[in-house]
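The points are numbered for reference.

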Amino acid sequence: MNFSNMNHGSFNQDPYSTEPEHFTGAEILGMETALSAARQGVRGANPLVGAVIIDADGTFLAIGHHGGAGTAHAEADVINRLLGTGVKRDLSAATLIVTLEPCSHFGRTGPCTQAILDAGIGNVVFAVRDPHLPASGGADILHKEGINVRMGLMAEEAEDMNRQWFVAVRDSRPFITARLAQTVDGRIAAVDGTSQWITSQESRQDSHELRARVDAIVVGTETVIADNPRLTARAADGTYAAKQPLRVVMGMREIPADAAVRGASGIPSSPDRLGDDDFLALHTHDPAAVVRELQERGVGHLMIEGGAKINAAFLARGLVDELVVYLAPTLLGAGIPALTDLGIGTLGDAQRWEWDATTRGPVEVLGPDLKLTLMPAKAAPSDEGN
């Protein structure tokens, strides 16, 4: 699906679309650079976005990117890098090149359209339209203010980089990360149920950093009853991160009143103690029902932490946009697998994934462990009509 056309008619009908040959060499290089900068960000509720400002003669003035939810958007970041010292300069002939249409709404940060107007930038080139309706329409606002706006440069590459975010937006659901911590032979616990700790302290700390970025964590009732997890985000010294995720348990079994996930064990938080307001029990086995409920509650980035049945349920329904696997150099040979049956009976029906080369790369070494980051592989081209 071509998301640059979403809700805006065909590409050629868009008033800002520009044929590839009408972009300058400096603009092409600028978009290539912006795409590379975008990959320094982190996947989640917001897309990966990069931006570059070039002068009239093609000189690069600044490069920026969006660092994740709650941080400055790429347009604001690149403008701040250029003008953050307070130096005044005439940017009426300059061009801001960005991988996604500038946003036009107030969220955790202000609208990028206003930042562009305040900076006095005279030209904007962007790759693809923003399909998220609350944020879309920035090109129209800039055009009405007299900014020269063009779109379509390296649109295919920009769409591909954020294709799972586009899927989540299209489906009106959160961006979903599944996290697995397992042995080399795919076990998350030994035969007797022991699982603490399969992975290293370094992997666990990285997982806490991921928890601090998401809006909610989902586990199953079996995991809560067996392991009594807190599902909080903590620093290496044990202190609690300022931002804590909503702790969600799905399943039909009742959660004990003194379960740590409820915050009922005296767990402090910053600035307030965790309590039932941060905990949600959903009496269902249906991943889609969980996703709908959390979407309605404003969750933009959801993480699945298991156990094996929950992991498999979300994967089987195609409700995972990012897969993070912490792989310990340990063998158990038997025990609890990381996944239960996905309903796949033949190799031809296997789920295909690919390595995600954003941020710190698809493979990281964390102490003795490996961290693997993957995203669903692109669908094979259809042979229909051939």
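1. Glu-293 and Arg-297 form a salt bridge, their closest N and O atoms lying 2.7 Å apart; the term denotes a side-chain nitrogen of Lys or Arg within 4 Å of a carboxyl oxygen of Asp or Glu. Glu-293 has a relative accessible area of 25% and is therefore partly exposed. Here buried means under 20% relative accessible area, exposed over 50%, and partly exposed in between (1.4 Å probe, protein chains only).

2. The model is predicted: local features need pLDDT of at least 70, side-chain atom pairs count only at pLDDT 80 or more, and totals for chains, interfaces and linings use all residues. Residues are numbered from 1 along each chain as its sequence is written, and side-chain values use heavy atoms, with hydrogens and water left out.

3. By the salt-bridge rule, the count comes to 20. One of these pairs is Arg-150 with Glu-27, at 2.4 Å from N to O. Arg-150 belongs to strand 5 (residues 148–151) and Glu-27 to helix 1 (residues 25–38), so the pair ties together parts that are 123 residues apart in sequence. Helices (H or I, at least four residues) and strands (E, at least two) are DSSP runs numbered from the N terminus. Both Arg-150 and Glu-27 are buried.

4. Glu-354 forms a salt bridge with Arg-163, with 2.9 Å between the closest N and O atoms. Because Glu-354 lies in strand 14 (residues 353–355) and Arg-163 in helix 6 (residues 163–170), this pair links parts 191 residues apart in sequence. Glu-354 is partly exposed at 27% relative accessible area, whereas Arg-163, at 11%, counts as buried. Salt bridges with shared partners join Asp-160, Arg-163, Glu-354 and Lys-378 into one network.
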